[in-house]
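Here are a few notes to read with the model open on your screen. Take the points one by one and find each residue as you go.

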Amino acid sequence: MNHASSSFVTPVTARPSACPGLLRIVAALDGGICRVKLPGGVLRSTEARAIAEASEQHAAGVIEVTNRANLQIRGVMAGHEAALIETLVNAGLGPTAGLIDAANYGAAVALDASTAPTASTTTTLLAASAADDVRNLMISPSAGRDPQALFDTRALAAQILALLQSEPRFAALSPKFALLLDGGEQLAMLDHPHDVWLAATAAPEGVRFAFGLAGCPPVARADDRGRNAKPGTPALAAVLPSQVPALVNALLQTFLDLAAPDDTRMRHLLAAHPVEAVLQHTQTYLDFPLNRDPALADWHRAPADASLRLGAHPQRMAGTWQAGGQPPLGRLDAATLRALATIAEDSGDATLHMTPWQSVLLPDIAAHATASVLTGLAALGLACKATQPLARLIACAGSTGCAKSQADTKADALHLAALLPTTVEQVHLSGCPRSCAAAHRAPYTLLAVAPRHYDLYRRDDDHPGFGQCVAHHLTIEQAADALARLARSPFDA
Ligand code: SF4
């Protein structure tokens, strides 16, 4: 079997999903949630203004940066769904242009309301919704500008995003199926597990992209107990940059060929098929050899530095800087988003880059303007220094937005911010074990067990999930004390 030059077509079957999307507004306690996927996390200032306007007109005005560098509008009002979707699509924030048109916005809502749209409308909307869902490709927020990068991933990312949206068969992928394209930047999120990861590596002949499945690129670092660890899934092979889109296509086609109906993620597939069999099947879609290189088994990526998302740092291009800050608990209001758009227009390249740390980065700032940009970000309430408590706290929606939550995690996180010692690394407050605010394992997690009470977990590579539970049923004051003790001595709680 060789699919490299043939068209391999199977019927489109979109998987049902409870995840919010642009065309799938999901109900929450505080109203509907509409998620806007941003290619590479990039939002133009005009798009930012459109989102700000839409969030005020059709929702509660609360905008969240997600841990996949997207935005979501909370509190969408009943009866406003179609108008909200129309505004966002007209602003260029939907999937590939042409898949949806104005005539179908009302039908989109009809689909959600379980009324009876026509068959052709349903088909069009399923295709558009699937094309929206599948846009799950993460790149560094400083792609193309990071001085440490081995490769500018932006053009490749655009090719992969076009592929994901244009191949009808990929509509069957889960909305959670996700890819990482890592150019070797120093500012990079490497802790999120991805179904497929690709990472630039410097070979004697030039840059190659190593890839692995169901995990993260391996990174050499000391673990939380000071031991040398190399978490991540090993690289399987490496390809030329020009071969990356074909490889992505082959891996995704292979997943769809081999996955059982309930296998939604690559880890499910690997539980049932040896990786060698998956690679052999992948090879049938490729017109170049996928050679296993034993040397790649020990390959690891250089460590990244998440603190570069905060403050001002020089870019690859001489004389230009990027500056960033963390909105409190990842939330912005419409006025703040408009003000950020104005700063980006006045001092940057008129774009805002969302990051997977739920922060905002503004690129292409002239050296002389960095101080005023940082002053502007701070005036808007963004934390621009790693020592600020709100740069080290994340929290899910909590009980004001989610029926599953055992506590008001947002309010409790703000309470903790006033008590958090500067020595404590990132703390994640989660209303339940689903961990919506963090796709990675935070150094410390407070898992709500009752209103204003939490179990405390410490990240530990020997324990799955949030890590090792080191204290139970703590109040926020008790949690602050325990975190201070742990920061002094990691074995003390
Ligand atoms: S982590 Fe749990 S409580 Fe928090 S938003 Fe997600 S589902 Fe709701």
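This is a predicted model: local features need pLDDT of at least 70, side-chain atom pairs count only at pLDDT 80 or more; totals for chains, interfaces and linings use all residues.

**Notes on the model**

1. Start with the overall count: the protein chain has 12 helices and 22 strands. Residues are numbered from 1 along each chain as its sequence is written, and side-chain values use heavy atoms, with hydrogens and water left out.

2. Of the 493 residues in the protein chain, 53% count as buried (under 20% relative accessible area; exposed is over 50%, partly exposed in between, with a 1.4 Å probe and protein chains only). Now look at contacts, meaning heavy atoms within 4.5 Å. Among those in the chain with a separation of 6 or more, 65% are between residues 24 or more positions apart.

3. Leaving aside neighbours within four places in sequence, Leu-38 is in contact with Leu-43, Ala-69, Asn-70, Leu-71, Leu-93 and Met-354. Met-354 sits 316 residues away from Leu-38 along the chain, yet their C-alpha atoms are separated by 8.4 Å.

4. On a 1 Å grid over the protein atoms alone, a cavity is a set of points where a 1.4 Å probe fits but cannot get out, whereas a pocket is an open set with protein on both sides within 12 Å along at least five of seven lines; lining residues have an atom within 4 Å of a point. Points are joined across faces, edges and corners, and a volume is the space filled by probe spheres set on them. The largest cavity has a volume of about 150 Å³. Of the 17 residues lining the largest cavity, Leu-38, Gly-41, Arg-68, Asn-70 and Leu-137 are the closest to its centre.

5. What is the volume of the second largest cavity? It is about 50 Å³. Its lining includes Met-138, Leu-180, Asp-182 and Pro-356, and strand β7 (residues 179-182) gives the most to that lining, with three residues.

6. The second largest pocket has a volume of about 540 Å³. It is lined by 26 residues, and the closest to its centre are Pro-39, Gly-40, Val-42, Arg-44 and Leu-161. β3 (42-44), α5 (154-166) and β16 (351-354) are the elements that give two or more residues to this lining, and the largest share, five residues, comes from α5.

7. Which residues of helix α8 (residues 275-283) are buried? They are Val-278, Leu-279, His-281 and Thr-282. Seen down the axis of α8, these fall within an arc of 160° (taken from the directions from the helix axis to the C-beta atoms), so they line one face of the helix. The buried residues of α8 pack against β9 (206-215), α6 (244-258) and α7 (266-272).

Conventions:
Helices (H or I, at least four residues) and strands (E, at least two) are DSSP runs, numbered from the N terminus.
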